[in-house]
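Q: I have a new structure open and would like to go through a few parts of it. Can we start with the strands?

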Amino acid sequence: MTPAGGGLSWQSYNEETPTADDSDTLSANGLWEQKNVTRDSSDYLWYMTDVNIASNEGFLKNGKDPYFTVMSAGHVLHVFVNGKLSGTVYGTLDNPKLTYSGNVKLRAGINKISLLSVSVGLPNVGVHYDTWNAGVLGPVTLSGLNEGSRNLAKQRWSYKVGLKGESLSLHSLSGSSSVEWIRGSLVAQKQPLTWYKATFNAPGGNEPLALDMASMGKGQIWINGEGVGRHWPGYIAQGDCSKCSYAGTFNEKKCQTNCGQPSQRWYHVPRSWLKPSGNLLVVFEEWGGNPTGISLVRRSR
């Protein structure tokens, strides 16, 4: 791959964590399965609840933060406490189920728990694939309190389908003009839930084009409103690349390469989508990446 143009000038827009008071939220007791709520209208579903902490809780004095555990049917989970990211976990192709476990900073009074559950495609093959679940189904527990462990799974939860940027259609030309973007040295880097946009001119020639996304973590890409797809360079290829022998029956674990590298780095850009100039590139980044490392490249022979 060789560069197919100069550097891109980026602008950013920060996605805010929603609240249960938003007009487009649903509320119910207990936890709902993700696909039944989103109906495949978005990869994203917010689970939100409040945790009331009494002023006499022991951890407020001894500094031993409570331990928060969330079990999910998959595929990715971002945990926010009072608007700040506490951690991210994800499953695997073989086992999409996941568990988040970690100490969380809580304060006396009402604490806002926001769980962003992310699906990475839905199955369309396999035994009873239509019954495979996604999303946070519990248990969800908070331990290290005066009462011991608190079960949060059965309390009141609010749900919000999708992201604010999706509802604003930030990936489109008209939608991207509807908000104020941050420019210059203030452009966000290494910050989760951030939208980026830039414009570029179509390179000359007819060689295949791609975006080099190695500097990013996970999210989605659009060019001129067309979906390039999900990017996930942060998903590192695992395996054994130390030896290679094709002797015997072949399987996918033989002669592996690029262990420890992103499972995918380059993402194809169809030339038919491009205009001679002023092409809009929009990237939504979940994990936090460095957009200045994104480049348009052409395949060299």
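Q: How many bridges join strand β15 to strand β18, and do they run parallel or antiparallel?
A: This is a predicted model. In it, strand β15 (residues 219-223) is joined to strand β18 (residues 279-285) by 5 bridges, and the two run antiparallel.

Q: Which residue in β18 is the bridge partner of Ile-221?
A: Ile-221 has Val-283 as its bridge partner in β18.

Q: What order do the strands of the open sheet have?
A: The sheet has 5 strands in the order β2-β13-β18-β15-β16, and the pairing is antiparallel. Its edge strands are β2 (11-14) and β16 (226-231), each of which pairs on one side only. From one strand to the next, the twist averages 20°.

Q: What holds paired strands together in general?
A: Strands of a sheet pair through backbone hydrogen bonds, in a parallel or an antiparallel way.

Q: OK, on to the loop between β15 and β16. What is the phi of Asn-224 there?
A: Asn-224, in the loop between β15 and β16, has a phi near 50°, which is positive although the residue is not glycine.

Q: Where is Ser-169, and what is its phi?
A: Ser-169 is in the loop between α3 (164-167) and α4 (173-176). Its phi is positive too, near 55°.

Q: New topic: Ser-72. Buried or exposed?
A: Ser-72 is buried, because its relative accessibility is 6% and the cut-off for buried is under 20%. Ser-72 belongs to strand β5 (residues 67-72).

Q: Which residues is Ser-72 in contact with, leaving aside neighbours within four places in sequence?
A: Lys-97, Leu-98, Gly-135 and Val-136.

Q: And what does the side chain of Ser-72 reach?
A: The Ser-72 side chain reaches the backbone nitrogen of Gly-74, at 3.0 Å.

Q: What kind of peptide bond joins Gly-74 and His-75, cis or trans?
A: That bond is cis, with omega about 10°. His-75 lies in the loop between β5 and β6 (76-81).

Q: What about the peptide bond from Gly-138 to Pro-139?
A: The bond from Gly-138 to Pro-139 is cis, and its omega is near 0°. Pro-139 is in strand β10 (residues 136-145).

Q: Which form do most peptide bonds have?
A: Most peptide bonds are trans.

How values were computed. Residues numbered from 1 in each chain as written. Predicted model: local features only at pLDDT ≥ 70, side-chain atom pairs only at ≥ 80, totals over all residues. Heavy atoms only, no water. Helix = DSSP H or I, 4+ residues; strand = E, 2+ residues; numbered from the N terminus. Buried < 20%, exposed > 50% of the residue type's maximum accessible area, 1.4 Å probe, protein only. Polar contact = N/O pair within 3.5 Å; in protein donor to acceptor, adjacent residues only side chain to side chain. Contact = heavy atoms within 4.5 Å. Pairing = 2+ DSSP bridges. Axes fitted to C-alpha atoms, helices over the stretch in contact; angles between N-to-C directions.
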